[in-house]
Amino acid sequence: MNPANPPRFTPQGLIPTAEQLAIQLAQNKVVLVDANAGAAKTTTLALRIGEALARKLAPEQILALTFTPEAREVLRRRLLDIGVPQALTERVAVLTFEDFAAWMMDLVDNDHVRQCRDPRALKEYALMAVDRTAERYAGSADGLELHTHSVALSQFLDVQLGLKATMALERDVEFMGAEEAAALLEVPLTDYLTTLEYEILRLDGGAGATFRGPFDATYDLACNLDGGARLAGQFPDYRLVLCDELHDLNEASFRILDALIGKPQCFFVGAGDKDQVIHARLGASAEYLSSRFGERHPRLVRYPLTQTFRHGPHLAYAMAEFKQKPVESGLRLRTEIQQAHYASADDCAGRVLAAVRQWQADGYDIDGCAILIRDRHQSMAIENALIEADIAYRTPPMAGYLQRDEILFLRGLLAIGLRDFGAVKSELVRTAIVDALVAFSEMRFSARSMDNFKQQILKSPDLLGELFLIEDERRDIDLPGYRDVAAEGTRRAVVAAIAWLSTVDPALPAAAVLSELCERVQLVATARRIFVRPYDAGVINKSVASLLAAAAASGQSLREFWAAMNAREAFIRRKRDRKSVLIECVANAKGKEFDHVILPFLEEGEFPHPSQPKRDEENLFYVGATRARARLTLISPADPARRSAFINQLRLTRSAAAAEAALTRNERAPVAAPSRYYLHAGFADKDQVKALGAKFDIARRAWYVENGMDLSPFSLWLKK
Ligand SMILES: Nc1ncnc2c1ncn2[C@@H]1O[C@H](COP(=O)(O)OP(=O)(O)OP(=O)(O)O)[C@@H](O)[C@H]1O
């Protein structure tokens with residue numbers, strides 16, 4: 001520490017490490033913090049804010065940005081945790097990018113911009129954009145594939161989001177044809193043209209936004225700043241801007257940050273971990289951390305945060321090996337890394353179950369246990385094993401295996417064939433089944449008639465089969481060549497398959513009936529057509545394969561299997577209030593932490609996924625493994641040749657030896673004494689404690705005594 005520049009802010013409850021202190025005191029115009037997972041980025045940014053407040057910066061001149069509302073709440077909480085009083089914390093602008101952008105856009109918006117948080121409302125607009133695209137380009141653009149089912153609309157909404165996040169729509173394509181522009185931007189032509197129409201609708205042809213979906217405010221502000229930087233002039237006078245989770249930065253949010261940092265009086269501190277960049281599809285890229293900031297601000301200074309507070313040295317050192325970077329842990333915690341091996345998918349599920357049971361047997365709460373899967377198709381065997389063992393589990397809403405689109409589709413067919421849709425109890429699942437039937441049969445509907453049908457179905461589930469009778473209704477406008485011949489074939493195949501299914505004896509083995517059903521509805525070919533990304537289509541094949549395997553393993557008849565499937569769903573719903581194990585996709589676990597993390601299916605072909613960039617897969621594994629606090633269980637094939645290469649990359653033998661030594665070191669390290677003792681002295685006591693030698697901490701609004709002074713005169717006010 002520089003004696004000429006001692007810290008003025010002393011946090012409550014922790015003693016900053018030398019690395020944290022360096023960041024707290026940094027006075028450079030642009031500071032980038034290269035942080036490891038769990039290395040207290042958020043706390044450190046809060047320390048920097050505390051220091052600014054202690055140096056009498058007005059709280060209104062501080063802006064702290066996050067990417068998610070959850071991260072925003074954590075940062076607010078951390079400010080309070082480290083002792084910034086509530087009244088001061090409330091005056092600091094801690095906002096998501098989207099909050100900040102919406103606030104700024106409000107200065108130029110028309111009245112009544114509709115905020116669409118509900119994806120259903122966005123789908124309405126997406127449908128209107130599809131119609132406009134059909135009207136405008138149906139005759140002129142080759143390769144136009146306009147679909148209006150829910151899967152196509154979701155994919156379209158994803159693509160338009162990606163185009164905005166990367167600011168690709170702002171690229172100069174003026175002299176290019178649409179095909180060429182779409183190829184340059186690496187998106188399907190149909191989605192590109194539909195995005196253009198969607199934006200015309202949304203921005204009322206340039207008059208101003210009429211509605212905004214998620215991320216649109218950020219995008220609109222980034223566009224505004226680009227087009228002459230009109231709003232930058234109206235930004236509040238921020239002297240300190242901070243940003244958490246910089247690894248989620250994309251081009252649109254980068255441009256907003258850049259405009260903020262561009263103000264001469266503004267200082268910036270951002271923290272991120274380039275190894276946690278996993279949202280490449282939303283335009284997140286390690287480039288911002290590694291080079292873009294540097295290009296814009298050649299004098300930026302980097303500070304490391306290597307020490308993790310989440311787990312002990314065993315996991316810290318394994319991750320250091322994995323990522324070939326320094327990771328340290330000062331905790332006296334033996335984070336265990338356990339391994340188990342399996343012969344088959346069912347066996348893998350059995351090992352997961354054993355790991356959960358061991359955790360319980362060791363006296364821990366199963367609420368703290370998370371099974372993090374690479375993809376949803378992997379959860380079938382695991383969910384079944386947990387149900388059989390009567391262990392409650394939770395998944396995010398509609399994210400269980402039985403609620404995957406392709407499984408909902410098959411469930412819908414079975415419901416019609418067996419005339420038993422009433423067996424599906426949840427209304428949410430029922431409407432999702434209708435959506436899946438429409439999507440996988442490549443049917444065409446107006447949104448209104450779909451909604452009517454769903455309403456009816458909720459009241460009389462046995463009408464489900466009628467879905468295929470109303471299909472022929474035209475959309476609101478007549479669109480010749482709107483869908484291709486293959487899609488027409490799918491619908492016919494589905495109708496024929498349903499007719500066949502209703503003649504099948506439900507006492508026949510489920511596995512045989514289901515595999516014939518998949519053939520008859522051309523499930524694989526259809527999936528390939530309706531899912532634009534080959535990756536998604538591939539996951540569907542695996543998912544259907546696991547359903548067939550489960551049916552075969554159960555030895556059940558069709559009727560029994562159908563009943564068991566619905567009973568399973570009811571089981572999960574019933575158990576929702578009990579303590580439960582979490583099943584979640586690794587990508588969605590970012591930013592969270594769990595006492596025990598179980599990573600199953602660590603095999604080549606699954607994790608890393610062969611079609612995805614190696615770096616992304618490595619980052620995903622790193623994110624998953626670093627969520628663990630006390631225990632990490634890695635489950636991989638018994639055959640070493642089939643094991644995920646990630647396991648070897650952890651160099652567990654070597655890292656464990658170093659970790660043992662570090663743990664001993666941590667256990668022997670003296671507990672550092674606090675540098676100050678804070679007093680419970682109110683306004684009425686101020687003259688008295690001041691006369692006794694206490695000092696006032698302006699950031700914490702509290703009186704304190706320096707370490708080393710005689711504390712006995714202060715015993716009345718000493719905090720425990
Ligand atoms: N110097 C310190 N000494 C002890 N504990 C600390 C210290 N700094 C932070 N912590 C604790 O570490 C925990 C994690 O901190 P924080 O929430 O800031 O991490 P994070 O930013 O969420 O981590 P990640 O890097 O994964 O985003 C908190 O409980 C915090 O109190």
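These are my notebook entries on a predicted model, from the whole chain down to single residues.

**Ground rules**

I number residues from 1 along each chain as its sequence is written. Because the model is predicted, I take local features at pLDDT of at least 70 and side-chain atom pairs at pLDDT 80 or more, while totals for chains, interfaces and linings use all residues.

**Entry 1: the whole chain**

I looked up the secondary structure first. The chain comes to 27 helices and 19 strands. Helices (H or I, at least four residues) and strands (E, at least two) are DSSP runs, numbered from the N terminus.

Next I checked the overall dimensions. The C-alpha trace spans about 95 × 65 × 50 Å along its principal axes.

**Entry 2: domains**

I noted the division of the chain. Domain 1 covers 18-108 + 219-305, and domain 2 covers 117-208. Domain 3 is 313-392 + 578-668, domain 4 is 401-555 and domain 5 is 676-714. These bounds come from an automatic or database domain assignment.

I then turned to domains 3 and 4. Their centres, taken over C-alpha atoms, are 35 Å apart. In contact are 11 residues of domain 3 and 13 residues of domain 4. Contact means C-beta atoms, placed from the backbone, within 7 Å.

Which elements give two or more residues to the domain 3 side? I found helix H14 (345-361) and helix H15 (379-388). H15 gives the most, with 5 residues. By class, this side has 3 nonpolar, 4 polar and 4 charged residues. I count Ala, Val, Leu, Ile, Met, Phe, Trp, Tyr, Cys and Pro as nonpolar, Asp, Glu, Lys and Arg as charged, and the others, Gly among them, as polar.

**Entry 3: the parallel sheet**

I traced an open sheet of 6 strands. The order is S3-S2-S6-S7-S1-S8, with parallel pairing. Strands pair if DSSP finds at least two bridges between them. Strand S3 (93-96) and strand S8 (301-305) are the edges, each pairing on one side only. From one strand to the next, the twist averages 20°. Axes here are lines fitted to C-alpha atoms, for helices over the stretch in contact, and angles run from 0 to 180 degrees between N-to-C directions.

I followed one pair in detail. Strand S1 (residues 30-35) and strand S7 (residues 267-272) are joined in the parallel sense over 5 bridges. Asp34 has Gly272 in S7 as its bridge partner.

**Entry 4: around the ligand**

Which residues come nearest to the ligand? Of the 15 around it, I listed Ala40, Lys41, Thr42, Thr43 and Phe309. A residue is near if its C-beta atom, placed from the backbone, lies within 6 Å. H2 gives the most to this shell, with 3 residues. The shell divides into 8 nonpolar, 5 polar and 2 charged residues.

**Entry 5: the antiparallel sheet**

I found an open sheet of 3 strands, antiparallel, in the order S17-S19-S18. Strand S17 (676-678) and strand S18 (695-697) each have a single partner strand, so one side of each lacks a neighbour in the sheet. The twist averages 45° from one strand to the next. S18 and strand S19 (residues 702-706) are joined by 3 bridges. Phe696 stands opposite Trp703 in S19.

**Entry 6: backbone details**

I logged a cis peptide bond between Phe607 and Pro608, with omega about 10°. Pro608 lies in the loop between strand S15 (594-599) and helix H24 (614-625). Met167 is not a glycine, yet its phi is positive, about 60°. I placed Met167 in the loop between helix H7 (150-165) and helix H8 (178-185).

Notes:
Contact = placed C-beta atoms within 7 Å.
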